[in-house]
Amino acid sequence: MSMRIYSTLSALLLITACGMPDNEFLAEAEEDAAEQAADDGRIECAINGDSDFSNGCLSERLAGENGVTLIVRHPDGGFRRFNILTDGRGLEAADGSEKAKIEIVEENKILVSVGSDKYIMPARKKTSATAHAAGQVDGPAPQAGN
């Protein structure tokens, strides 16, 4: 946990040292760091067809040129990668032939199923204000998943 916070804070210091910071980027980085610190990156998961969920999976977000990738690491050393989508659909499997299926299980949680693996993850509903900020128009919400 402290390494992730340290990495985020180091990135913030480097950005501010190079000139005028992008306030939107800084606010997002601070929010992400606070969220990761609050839950230590742990999510509930049931791996390899197990029906019992445990708090044994670790999640990590990586920002890149093509958006944000969520990596979920399994207790057995395996992992899954997801692309975080900005169009209100949530996320999709980043690789492999199996598609992610998403169900809302609580107000701020989703169940993501890929093959025989299942994850319960925190989620935020996209509001009309964030949709307009992203340049999207009103209309029916797209289906969750791929």
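How many aromatic pairs does the count come to? The count comes to one, where rings of Phe, Tyr and Trp (its six-membered ring) pair if their centres lie within 6.5 Å, with planes under 30 degrees apart called stacked, over 60 edge-to-face and the rest tilted. Phe82 and Tyr119 make up this edge-to-face pair, with 5.9 Å from centre to centre and 80° between the planes. Since Phe82 sits in strand 4 and Tyr119 in strand 8, the pair ties together parts that are 37 residues apart in sequence. Phe82 and Tyr119 are both buried, buried being under 20% relative accessible area, exposed over 50% and partly exposed in between (1.4 Å probe, protein chains only).

A word on the basis of these values: the model is predicted, so local features need pLDDT of at least 70 and side-chain atom pairs count only at pLDDT 80 or more, while totals for chains, interfaces and linings use all residues. Residues are numbered from 1 along each chain as its sequence is written, and side-chain values use heavy atoms, with hydrogens and water left out.

Stepping back to the whole fold, the protein chain has three helices and eight strands, taken as DSSP runs (H or I, at least four residues, for helices; E, at least two, for strands) and numbered from the N terminus. Read from the N terminus, the elements go α-α-β-β-β-β-β-β-β-β-α. Of the 146 residues in the protein chain, 25% are buried.

The eight strands form an open sheet with antiparallel pairing and the order 5-4-3-2-1-8-7-6; two strands pair if DSSP finds at least two bridges between them. Strand 5 (91-93) and strand 6 stand at the edges with a single partner strand each, so one side of each has no neighbour in the sheet. From one strand to the next, the twist averages 35°, with axes being lines fitted to C-alpha atoms (for helices over the stretch in contact) and angles running from 0 to 180 degrees between N-to-C directions.

Two of the pairings can be followed residue by residue. Strand 3 and strand 4 (residues 79-84) are antiparallel and share six bridges, and Arg73 has Phe79 of strand 4 as its bridge partner. Strand 6 (residues 101-106) runs antiparallel to strand 7, with five bridges between them, and a hairpin of two residues links strand 6 to strand 7. Here Lys101 has Ser113 of strand 7 as its bridge partner.

The aromatic residues turn up again in the core. Fifteen residues belong to the largest nonpolar core, and among those with the most contacts inside it are Phe82, Tyr119, Val72 and Met121; such a core is a set of buried Ala, Val, Leu, Ile, Met, Phe, Trp, Tyr and Cys residues joined through side-chain atoms within 4.5 Å. At least two residues of this core come from each of strand 1, strand 3 (67-73), strand 7 (109-114) and strand 8 (117-122). Strand 7 gives the largest share, three residues.

Asn48 is in the loop between strand 1 (42-46) and strand 2 (54-64), and counts as exposed because its relative accessibility is 57%. Its phi is near 55°, a positive value in a residue other than glycine. Arg124 lies in the loop between strand 8 and helix 3 (128-133) and is exposed too, at a relative accessible area of 53%.
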